[in-house]
Structure formats: structure tokens, C-alpha cells
Amino acid sequence: MNNKSFIEAIKLFKEKNQGKNIKLKTKGKSMFPLIKDNSEIEVKVSTEKIKKGDIILYFKNKKFFVHRLLKKKGEKHLLKGDNNWAFDEIIKEVNVIGKVEKINGKRTDSIKFELIKIPIIAYSYFTGIILEQKGKK
């Protein structure tokens, strides 16, 4: 499947599943310790009400990623895995599938998740800035 066909398939998937929740298993450590390898996540297929600090599922180059939204400006999104040093490439809203609503059965809008969200956003953003500044030297 070429990239254009893949993008069309994702658009069709989003249209048919808009507002529904899908369950997926994760692979990798980019969101550790919040999301461990082989965790079960539940994603609401929608780009409505996605805001800074949310964990989202998106696709880029025929791969899917679950990372935190750090900045949103119009159609452009700056994302980063909590356990990664560098920012992801900026993506467009069309690449976003939806928002992670549950991690291993626990809601991401609970008080526990809300309390840890601000320090994680700050840490994630500043580690990305530091690495970006080092790359400019």
C-alpha cells in the first residue's frame, strides 16, 4: 500500500468510526512510565476537544504513535513521548486519530491523571527545548 492509499484508508476509518472507542495494545517505551509496553489503551476516534496535555493516537509514515500533545496552533500539533528527549515532527490534525481515554482500564480524565499532567507536560516540553537548543549549537 502506498502512502496516499494508506492516508485514504485512515480517513475512511475515521469517518466510519467517528465518536466510537477502539482498544489497542501498545508497543514501545516512549510514554513510560505512564504507558508501559503491551498496555491496553482505549482511544476515542475524534479530533474534537483535544487539548494541550492530552495523549493522542496519530499516524505518520504508515506507523501509529501514542504521544502527548504539547502545543496546538491551528491545524499543527507539536507532540512528544514522555520518555523521549526530542520533539516529534510537527503533524497536521488530519493525522490525528483520537484521544486516549483509558490506560489499562483507568480513565485519563481522573484526578490522578490530571494532577500528574502539569509536571509531565513541563518536563516533556523543557527536555525537548534543551535538546533542540543543543542541536542548534
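Strands are DSSP runs of at least two residues in state E, numbered from the N terminus. In the present structure, which is a predicted model, strand 4 provides four residues of the lining of the largest pocket, the largest share. Strand 4 spans residues 63-73, and strand 1, comprising residues 21-25, likewise supplies at least two residues of this lining. The space within the largest pocket amounts to about 330 Å³. Its lining consists of 18 residues, with Thr26, Leu57, Phe64, Phe65 and Val66 lying nearest the centre. By residue class, the lining of the largest pocket divides into eleven nonpolar, four polar and three charged residues.

Six aromatic pairs are found in a search of the whole structure. One of these is the stacked pair of tyrosine 58 and phenylalanine 65, with 5.4 Å from centre to centre and 25° between the planes. Tyrosine 58 counts as buried because its relative accessibility is 3%, whereas phenylalanine 65, at 29%, counts as partly exposed. Phenylalanine 59 and phenylalanine 64 form a tilted pair, for which the centre-to-centre distance is 6.4 Å and the angle between the planes is 55°. In this pair, phenylalanine 59 is buried, with a relative accessible area of 3%, while phenylalanine 64 is partly exposed at 44% relative accessibility.

Methods. Residues numbered from 1 in each chain as written. Predicted model: local features only at pLDDT ≥ 70, side-chain atom pairs only at ≥ 80, totals over all residues. Heavy atoms only, no water. 1 Å grid on protein atoms, 1.4 Å probe; cavity = no way out; pocket = protein on both sides within 12 Å on 5 of 7 lines; lining within 4 Å. Points joined across faces, edges and corners; volume = space filled by probe spheres on them. Nonpolar A, V, L, I, M, F, W, Y, C, P; charged D, E, K, R; others polar. Phe/Tyr/Trp six-rings, centres within 6.5 Å; stacked < 30°, edge-to-face > 60°. Buried < 20%, exposed > 50% of the residue type's maximum accessible area, 1.4 Å probe, protein only.
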